[in-house]
Each structure stands twice: as structure tokens, then as C-alpha cells.
Amino acid sequence: MSTESHILVIDDDPDIARAARLLLERHAMRVSTAADPEAAWVVLAGESIDVILLDLNFARGRTTGEEGFAMLDRLIAADARAVVIVVTGHSGIAVAVRAMRSGAADFVIKPWNNERLLTTVERGLALRRAKLETAATPPVTDGILLGESDGIVRARTLIARVAPTAAPILLLGATGTGKTLIARLIHQASPCAHRPLVTLDAEAADAAAIAARTAAAAGGMLVIDHIDRLPRALHDVLLPALDGIRVVATTRLDRAGVRGAIGEDLLDRVGTIEIALPPLADRGGDAVLLARHFLALFAHRHGKPNRPLDADAAQAIAADRWPGNIRGLRQTIERAVLLGTGDAHAIGDLMLSPDIAVPHALAPDLSLARNEAALITAALERHAFNVSRAAAQLGLTRAALYRRMARHGL
């Protein structure tokens, strides 16, 4: 975590404030504390704060949270990009829901679990960075979902057809393929665009988080990230809580993998419409198109000249496997904008990794097993470990590929 991350803890209990400060400082965060809203404004007037941990009650014996809600309203009014995490007591689920509807980014229940508090604050820091980046980004047109490859054209067509409905949508794709962006686009084009967009991290979920986030999403949209990672014990908790909520779920697995992970009942509830996002390596010329878009974006954001790609750099981008997909390309281009010095961006500015997806040359002894393992590894890496796509490229069924993977310890 960056030492520049600055957290403000607003809590009248010195023991609570001290515990939060010690925990966060151990993770290289700078922490300021304030015992009440008045003291908090003094800190805010002189410091740049990334995330605010806000208790809701400050007067002894008060439990309504009205002081905290008033402070929350003032914080959001003063800075629409403020990231406020509400701290509430054991019975505070309803209070947490109200806080999120009022603009809080998340909540923590006292007494907290240290790992959960740290994860929540780190998510808040990521949200703060995203908000600041958005503010520095030039306006974008309807080309925000850029690309002309068949898979992206299909995705755009499906979004246009189903976003205005209430249909649940399952987004399938490897890490970095754009699932979060598409969930946001669906919300923006939906009838509930004026209502909350709430995210549930299935892997980190518990019953309290499910109750709070589904309640906060009522009338709006709930994005369930990594639904295949939801603990099985919580399947029966989540399913009834989804009544009346527009759901967009994301997964890195294919449909068969998701079915095995969450079962038919939950899959039927969240997967009426499926939108599959292809790996960037399967999108033809889209990588260069996206690279040029990111060049303009980051040049504007960082106050750098908008230098073009030279021919060799463009060819290298088109030929790369991009195991990190769009996210990896985005990071590569931002680094090139920050560090490039020439009149145009050359291959050296991109600092691309060696192409490890090209199968190794045949072994001198022509070992079938050795070369089969290399080909399977290459296909899996090529398709970001999407077994269905790798199997199709290899001319195998999924079951046959799984058997070969087991045989080679892959």
C-alpha cells in the first residue's frame, strides 16, 4: 500500500480510533483521527484525505446515528468524490443500508475483524483513485466500449438490447476483459440508472454483507463479482435476497464451470442473458485501437504530449498475447506515456514481456508427452485458462482436455 494513502478516523471512542490507527499504520497508511465532526473538519481543511472511517454516534448514549448521517451528508456535499466508510454497531445492518443509500461507499460493523477492515479500506482507496481518475479523464463518447472485433460487436448489441430491461445478466470473461465496465454501462442504460449501483464481492461475502448490499440495491442494480466463489453455505442466503433486484453477475469461468460452482437454481436466477467477453488476444486489431485510445487518455490525465505509436510498436501490440487483457494493455500504455521521451512511442517504451505462449520447439527426442504438455500449456495461457476455448483450439472436448491436464499435472 502506498505511504501516500491517508485515512481519517472519526470516532469519539479513543480505543476504537487507536485500534484502527495501529492496524492501518502497520500496512503503511497514514492515519489521522478526530473525536467528533468539528475536529474532523479541522483535519479536512488542512489535509488531503483518501478514505474516511465515520462513526455515526458521538454524544454519549446516542444510538440513532443522526450526527453521523448529518456529517455524511456534509462530506458528500463538500466533495462528491469523497469515500466514506461508515462504522456501525452489531445491530447496524439497517443503518448501514441507509448510509450506503446516502452516499457511503461501504460499512464496517463493530467489533470488526482486522482483515475485513483492512480489505474494506483498501477497496475504498481503489474507489478513491478511480473517482479522481474519472475527474481527470476527458469526456468520452458512445465509443467507451471500444473495438470492432466480432466478440465486442456482439457484446455491444446484447447490451443495447437487454440493458433497458430488468433481465439478469451473467458476464463471462477472464480477468481484465472489461466485465466491470460493461456492468456499469448496463446500469447507465437501464431503467434504474437513477438508483444505486451496489457491488457484492461474493468471495468475501457473509450473511451480513448479503443482507446489507441487497437491501441497498433495492430498486437499483446489484453487481455480484466472482459469483462462482460464493461459499456454498451462503447460496440459500443469497437466492431469496435477490427478489425484486436487477442482478449482473460476473465470473471468470465458462457456463459449465459456473453451473458446477453455484448450481442450477442460482445460475437460473442470475444467468438469463449471458455476455461472453473474449480475451484481448482474440480481438484482432482491437488492441491497437485501444492502445491509441489509452495514449490520448493518459496523455491528458498526466499532462503529457499525445505521442503516436511508431509502426514497430503498433505491430508489437497487435502481436502480443496480453495475458492481462485490457487491464494489462492499459497499464502498459500508461507506463509508456509516463516514461516515453521520443517524438513517437517505440517498442522500448512498451517494455513488453517475452512471448511465453509460443510453444517450445520440438524436443530432440520427439517426445509426444513433452510436446503435448507444452501445447496444452500454450493453449491455456493463450485463452487465460478458459478451458472451453483452449479445448476448441486444440480440437478436444473439455473432458478430454481435463484428462490431459490431469495427466501432465497442469
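Among contacts in the protein chain between residues at least 6 apart in sequence, what percentage join residues at least 24 apart? The value is 69%, where contact means heavy atoms within 4.5 Å.

Good morning, colleagues. The structure is a predicted model, in which local features need pLDDT of at least 70, side-chain atom pairs count only at pLDDT 80 or more, and totals for chains, interfaces and linings use all residues. Residues are numbered from 1 along each chain as its sequence is written, and side-chain values use heavy atoms, with hydrogens and water left out.

The protein chain contains 17 helices and 10 strands; these are DSSP runs numbered from the N terminus, helices being H or I of at least four residues and strands E of at least two. Of its 410 residues, 45% count as buried, that is, under 20% relative accessible area, with exposed meaning over 50% and partly exposed in between (1.4 Å probe, protein chains only).

I turn to Asp286, which lies in helix 11 (residues 286-302). Asp286 is buried because its relative accessible area is 3%. Its side chain makes a polar contact of 3.0 Å with that of Arg283; such a contact is a pair of N or O atoms within 3.5 Å, and within protein one must be able to donate a hydrogen and the other to accept it, while residues adjacent in sequence count only if both atoms are side-chain atoms. Leaving aside residues up to four places away in sequence, Asp286 touches Gly147, Glu148, Ser149 and Ile152.

Finally, Leu339 belongs to helix 13 (residues 325-339). Leu339 counts as exposed because its relative accessible area is 56%.
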